[in-house]
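Trainee: I'd like to go through this model piece by piece. Can we put it on screen and start?

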Amino acid sequence: MAQKCEMRLLGKTGSAFTNRVRFVLKLKSIDYEYFEEDLDNKTELFLKSSPVFRNVPVLFHGDGPPMIESLCIMEYLDEIKPDVHPILPKNPADRVQFRILAYTFDNLYYPAMREFMLTRDVDKREAMKGPITEGIARLEEAFIHVSKGKEFWGGDDIGYLDIVFGVFLGWFKLFGKVFDFDVIDEVINPRLAQWGRSMWSHEVASTIIPNHEIHAKFLQFLHNRMPPTSRPLVDLSY
Ligand SMILES: N[C@@H](CCC(=O)N[C@@H](CS)C(=O)NCC(=O)O)C(=O)O
């Protein structure tokens, strides 16, 4: 009889947060079963497991309690399998710096990008490009500082921040195609642009980060959930 998989992941295709967890599971060669959650018709298991935030991803490990929040799950996986592709640095001061950057991204950058892609107000969207570009310029400075001249945030190979930010590269591609907005600009952010290329050609990253077509479907799904409007939100026929 086949052995039951110890890890089960509840996620959504195209969800960057779900992909963070898939990324770590793959880097650490951890077997898991994947279940696609229907966010329009949420399952009982999902609602019971993430009753407050009602967000994917949710990870189950054996009989333990359900785990939510991608950053917490990433750290959990790093703690239970520290010897295979460790993702956080060993030094506590470096670790806290990495966490601060991740929380900054999730609490400032991500909400801005979400608002950018969901707003119906074209002028507002145009006006948001400037602040997002400024934010990415600060991220470029952080990259130069953290990577210390190496290819990745994690140094010579992919680490925590490569995963945290890297899962958004497909979304950035979509922004270029749909909104004519190069989030990472070759000229303004040359180091991040080079990092992006390294990620797309990395043997694991390239299998996890979805291309823009997958994200276009997700964006369509998000738009479909919004109240009807006479104005099309975006033209996805790029
Ligand atoms: N902070 C959370 C964010 C997760 C999140 O926003 N998940 C979205 C999908 S990308 C979700 O499940 N949304 C619920 C819904 O749209 O109903 C994390 O890092 O896991």
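Trainee: Which backbone oxygen does the side chain of H85 reach?
Mentor: Start with where H85 sits: the loop between α3 (70-80) and α4 (92-118), with helices being DSSP runs of H or I, at least four residues, strands being runs of E, at least two, and both numbered from the N terminus. Leaving aside neighbours within four places in sequence, H85 touches L27, K28, D78, D157 and I158, where contact means heavy atoms within 4.5 Å. At 2.7 Å, the side chain of H85 reaches the backbone oxygen of I158.

Trainee: Before we go on, what kind of model is this?
Mentor: Residues are numbered from 1 along each chain as its sequence is written, and side-chain values use heavy atoms, with hydrogens and water left out. Local features need pLDDT of at least 70 and side-chain atom pairs count only at pLDDT 80 or more, while totals for chains, interfaces and linings use all residues, and the model is predicted.

Trainee: What is the strand order in the open sheet?
Mentor: There are 4 strands with mixed pairing, and two strands pair if DSSP finds at least two bridges between them. β1 (residues 7-11) and β3 (residues 58-61) pair in the antiparallel sense over 4 bridges, and L10 has V58 in β3 as its bridge partner. The order is β2-β1-β3-β4.

Trainee: Why is one side of β2 and of β4 left without a neighbour in the sheet?
Mentor: Look at where β2 (33-36) and β4 (67-68) stand. Both are at the edges, so each has a single partner strand.

Trainee: At about what angle does α1 run to β1?
Mentor: Helix α1 (residues 16-27) lies across β1 and β2. Axes are lines fitted to C-alpha atoms, for helices over the stretch in contact, and angles run from 0 to 180 degrees between N-to-C directions. For α1 against β1 that gives about 155°.

Trainee: Which peptide bond is cis, with omega near 10°?
Mentor: Check the loop between α2 (44-49) and β3, where P57 lies. The cis bond runs from V56 to P57.

Trainee: And which residue has a positive phi of about 50° although it is not a glycine?
Mentor: Go to the loop between α1 and β2. The residue there with that phi is S29.

Note on methods: Polar contact = N/O pair within 3.5 Å; in protein donor to acceptor, adjacent residues only side chain to side chain.
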